[in-house]
Amino acid sequence: MELANTLSQDGESGGGVLAHLERLETQMSRSHKKLEEPQSAQAVESALGTKIRQLRCLRDKLRAEVRHRQARIKASTASVAPDQTLEMSEQDILERRQENLKAILQAYRFTGISGKLTSRGVCVCISTAFEGNLLDSYFVDLVMQKPLRIHHHSIPVFIPLEEIAAKYLQTNIQHFLFILSEYLNAYSGRKFQADRLQSDFTALLAGPLQRNSLCTVLSFTYNVELKGQSFPFGARLLYKDLTTTLPTDVSITHQGMDTLPSTWEEQRAAHESLFFKKPLHQVFTSFARKGDELDVNLAF
């Protein structure tokens, strides 16, 4: 009985010691953790500080390298690059002009101006027309370089191409083509009228039609009959504006008489007014349609 009590007491005392030891170990572990937490935070802070210093050092190195490269580029640009930079700038300008010209040609394709790209630049075709009649076509081969220049062309020598190019080719290609088209269409229209007069109304002409190459001066004599009498009228048409198809000056005179009867003077004045307002072939068509007498009211 005493032994049992002793073991029982020893067990309780032993269980109490072990439990106390466990409690002490737990307290020690907690104390160590509390002691380690500040140390761990300090270690993390130290590591971050080291990383920051490394990154700052790398940043400074990169900045130094960038400044060094900028200095080298600036030095090379100062010695060599001005021409290269200018050349690139001019090339950009020429490319933009080429794109603009393509856009212009697309916009003008229904107005008789068309074109296609070539190895040198672009070849522009200008087709002329008058009163719905398709007439001659002309081309201008442009070299897209600085300055722009005309390589080949089929423009008649009496069209002031060089003057038009000097005014507009370098500054406004669209206006250059528009003005050139105006000149060519006006010339083709005047030539068309003169050709029609010479081919379709020879019965009314008293002699050959005289004209210059640009068809800006036309001179001819035609017969007019009134009340059974035939009188020759001499006509001189002057086209001072090279972009128009109607004359700016008209002179109608009677051949062989110093003074005209009032009736013939009315006819002469009516004819003169008609030549100002209508193309040649339309005027002579009205002569043929009215027969011997021309209705003076047609001219007004």
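**Strand β6 and its neighbours**

Reply: Thr221 has Gly234 of β7 as its bridge partner. The model is predicted. That pair belongs to a run of ten bridges between β6 and strand β7 (residues 229–238), and the two strands are antiparallel.

β6 also pairs with strand β5 (residues 210–211), again in the antiparallel sense, through two bridges. Here Ser219 of β6 has Gln210 opposite. Five residues lie between the strands of this β5 and β6 hairpin, and in the hairpin Cys215 has a positive phi near 60 degrees. Cys215 is counted as buried because its relative accessibility is 3%, and the cut-off for buried is under 20%.

Next, the two faces of the strand. Side chains in a regular strand alternate between the two faces of the sheet. In β6, which spans residues 217–226, Leu218, Phe220, Tyr222, Val224 and Leu226 make up the covered face. The uncovered face consists of Val217, Ser219, Thr221, Asn223 and Glu225.

Cys123, for example, is in none, and the nearest cysteine sulfur, on Cys125, is 7.4 Å away.

For contrast, here is a pair of helices. Helix α3 (residues 161–168) packs against helix α4 (residues 173–200) at about 155 degrees, and their axes are 9 Å apart. This angle makes the two helices roughly antiparallel. Residues in the contact include Leu161 and Tyr168 of α3, and Phe176 and Tyr183 of α4.

Note on methods. Residues are numbered from 1 along each chain as its sequence is written. This is a predicted model: local features need pLDDT of at least 70, side-chain atom pairs count only at pLDDT 80 or more; totals for chains, interfaces and linings use all residues. Side-chain values use heavy atoms; hydrogens and water are left out. A disulfide is a pair of cysteine sulfur atoms within 2.5 Å. Buried means under 20% relative accessible area, exposed over 50%, partly exposed in between (1.4 Å probe, protein chains only). Helices (H or I, at least four residues) and strands (E, at least two) are DSSP runs, numbered from the N terminus. Two strands pair if DSSP finds at least two bridges between them. Axes are lines fitted to C-alpha atoms, for helices over the stretch in contact, and angles run from 0 to 180 degrees between N-to-C directions. Angles under 35 degrees count as roughly parallel, over 145 as roughly antiparallel, 65 to 115 as roughly perpendicular and the rest as oblique. Contact means heavy atoms within 4.5 Å.
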